[in-house]
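Student: I've got a model open and I'd like to talk it through with you. Can we go from the overall fold down to single residues?

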Amino acid sequence: MTTIRSYRWIWTSAVASGCGTLAHIGLMELKSGLHLLPQFDPASALLDTLSPLLARVLHVGAPLWLLSQLNGAFLIGLLFGRFFHRLPGGSGVAKGFLLGLAGWLLLGIGLFPAIGLGPFATSLGLGAGPALFSLAMVEAYSVVLGAVYAALQRPDQIEVGRADGDHV
């Protein structure tokens with residue numbers, strides 16, 4: 001029983017990550033439906049960059065975007081859940097928001113230049129639009145992740161500043 005409870009954070013992380021992913025997908029569908037920033041498509045740019053590399057390694061029928069979502073969002077969700085009690089912020093929403101800011105900076109400074117979009121996608125010549133939308137995109141996932149993860153915690157797990165940081 002103790003072992004099962006000590007790994008409860010795994011399923012709560014998976015559920016919270018799934019909810020964050022749905023929020024992200026909803027925002028992306030809204031972007032597409034409203035034809036906002038159609039030139040800004042970081043998922044396609046990432047797939048274009050990774051396809052030649054992964055084509056030699058992967059021999060599965062799943063689309064690459066699905067694999068990136070499962071690997072990226074799911075792993076981020078697990079890490080978030082594992083370190084939830086150690087992250088700064090007084091609530092799940094605050095913790096998620098701070099995670100989103102960190103993720104946005106990593107995207108804008110690291111990933112976007114690596115896939116040919118330039119820092120914060122400035123090479124597209126669309127002004128601040130891509131940077132602001134990527135912030136909204138990352139925050140949609142992260143804030144929902146934080147809110148749902150916190151909501152799934154039992155009252156005895158929400159103690160501020162737990163000394164051991166472990167989940168029960």
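What follows is a set of questions and answers about this structure.

Tutor: Before you start, this is a predicted model, where local features need pLDDT of at least 70, side-chain atom pairs count only at pLDDT 80 or more, and totals for chains, interfaces and linings use all residues. Residues are numbered from 1 along each chain as its sequence is written, and side-chain values use heavy atoms, with hydrogens and water left out.

Student: How many helices and strands does the protein have?

Tutor: Elements here are DSSP runs numbered from the N terminus, helices being H or I with at least four residues and strands being E with at least two. From the N terminus on, the order reads α-α-α-α-α-α. So, with that definition, the count is six helices and zero strands.

Student: What share of the contacts in the protein between residues at least 6 apart in sequence join residues at least 24 apart?

Tutor: A contact here means heavy atoms within 4.5 Å. Take the contacts between residues at least 6 apart in sequence, and the share joining residues at least 24 apart is 71%.

Student: What percentage of the residues is buried?

Tutor: Buried means under 20% relative accessible area, exposed means over 50%, and partly exposed is in between, with a 1.4 Å probe and protein chains only. Out of 168 residues in the protein, the buried ones make up 33%.

Student: What span should helix α5 have, and how far apart are its end C-alpha atoms?

Tutor: The expected span is 1.5 Å times one less than the number of residues. Helix α5 covers residues 92-114, which is 23 residues, so it should span 33 Å. The end C-alpha atoms agree with that, being apart by 31 Å.

Student: On which residue is the kink in α5 centred?

Tutor: The bend at a residue is the angle between axes fitted to the seven residues ending there and the seven starting there. In α5 the kink is about 40 degrees. Leu107 is among the buried residues of α5, as are Trp104 and Gly108. The kink is centred on Leu107.

Student: Which residues touch the most other members of the largest nonpolar core?

Tutor: A nonpolar core is a set of buried Ala, Val, Leu, Ile, Met, Phe, Trp, Tyr and Cys residues joined through side-chain atoms within 4.5 Å. The largest one has 13 residues, and those touching the most other members are Leu27, Phe40, Phe112, Ile115, Leu117, Ala121 and Phe133.

Student: Which helix gives the most to this core?

Tutor: Helices α3 (42-55), α5 and α6 (129-151) each supply at least two residues of this core. With four residues, the one giving the most is α6.

Student: Is Ala121 buried or exposed?

Tutor: Ala121 sits in the loop between α5 and α6. Its phi is positive, about 60 degrees, although it is not a glycine. Since its relative accessible area is 0%, Ala121 is buried.

Student: Leu37 also has a positive phi without being a glycine. What is its relative accessible area?

Tutor: Leu37 is in the loop between α2 and α3, with phi near 45 degrees. It counts as partly exposed, because its relative accessible area is 22%.

Student: What is the nearest side chain of opposite charge to Glu139?

Tutor: Glu139 is in helix α6 and is buried, yet has no salt bridge. A salt bridge would need a side-chain nitrogen of Lys or Arg within 4 Å of a carboxyl oxygen of Asp or Glu. Lys and Arg count as positive and Asp and Glu as negative, while His and the chain ends are not counted. At 14 Å away, the nearest side chain of opposite charge is Lys95.

Student: Which residues does Phe97 touch, not counting those up to four places away in sequence?

Tutor: Phe97 lies in helix α5 and counts as partly exposed, at 40% relative accessibility. With residues up to four places away left out, Phe97 touches Glu139 and Val143.

Student: How far apart in space are Ala140 and Leu22, C-alpha to C-alpha?

Tutor: Ala140 is in helix α6 and is buried, with a relative accessible area of 17%. Residues up to four places away in sequence aside, Ala140 touches Gly20, Ala23, His24 and Leu27. Ala140 and Leu22 are 118 residues apart in sequence, and their C-alpha separation in space is 9.0 Å.
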